[in-house]
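Please keep the model open while reading.

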Amino acid sequence: MRVPPFEKFTRAMQLIGVLLIGFIIGALIYHSLYVVQMDNLVNNRIELLAKIRQYEDDIKQLNQYKNQHTVIKSITPRIENEAGSQSQRPHLDKVTEAEIIKRLREDLSSFLGQSIYEIDSNAQFARKLLERKVYNDVYEKDYVVEIKTVLVVDNVLYVWITVRTYIKPPSS
């Protein structure tokens, strides 16, 4: 039995090879686009779930204090954006920001129902209590939170904070 010459099939093999490489490259591009879209979808979902949780808590608090007009009804923490390239603020994604805000809101929940006229003494206490507060294991990182400004407007306590990456001191 005789083997046909391979030279007849080289052009066809080249075309099949280029076609397979095209399939592989196309699949890689499609998969990378899919991963980016899925990542955005997951981040949006987590952000929306955090907002829903906040809105549900706000509704509970507003229903509880709806007849009292001089009390703090909700707490809104905000992370300060620092200008300039020399800022030491770590790059936080939406999920990490939402987790830090959730933990801070839990720490400040003792202000709910407090009179807005007596907030001064409580704000000083909270500032000292939460000064350089370390939140451990926020998505496998530690962060230091520091309160910069506290403001009460329309029965809402606004708290501006700065967030830094926590660097553990060397153990001796």
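The points below are grouped by topic.

The model is predicted: local features need pLDDT of at least 70, side-chain atom pairs count only at pLDDT 80 or more, and totals for chains, interfaces and linings use all residues. Residues are numbered from 1 along each chain as its sequence is written, and side-chain values use heavy atoms, without hydrogens and water.

**Helix pair**
- Helix H1 (residues 10–64) packs with helix H2 (residues 94–107) at an angle of about 20°, and their axes are 9 Å apart.
- H1 and H2 are therefore roughly parallel (angles under 35 degrees).
- Asn 43, Ile 46, Glu 47, Ala 50, Arg 53 and Gln 54 of H1 meet Lys 94, Val 95, Ala 98, Lys 102 and Arg 105 of H2 (contact means heavy atoms within 4.5 Å).
- The residues of this contact comprise four nonpolar, two polar and five charged.

- Beyond its neighbours within four places in sequence, Ile 100 contacts Leu 92, Val 138, Tyr 143, Val 145, Ile 161 and Val 163.

**Loop between E3 and E4**
- Asp 154 is in this loop and has a positive phi of about 50°, although it is not a glycine.
- Asn 155 is also in the loop between E3 and E4, with a positive phi near 65°.
- Asp 154 is exposed, at 69% relative accessibility (exposed means over 50% relative accessible area, buried under 20%, with a 1.4 Å probe and protein chains only).
- Asn 155 is buried, at 13%.

Technical notes. Axes fitted to C-alpha atoms, helices over the stretch in contact; angles between N-to-C directions. Helix = DSSP H or I, 4+ residues; strand = E, 2+ residues; numbered from the N terminus. Parallel < 35°, antiparallel > 145°, perpendicular 65-115°, else oblique. Nonpolar A, V, L, I, M, F, W, Y, C, P; charged D, E, K, R; others polar.
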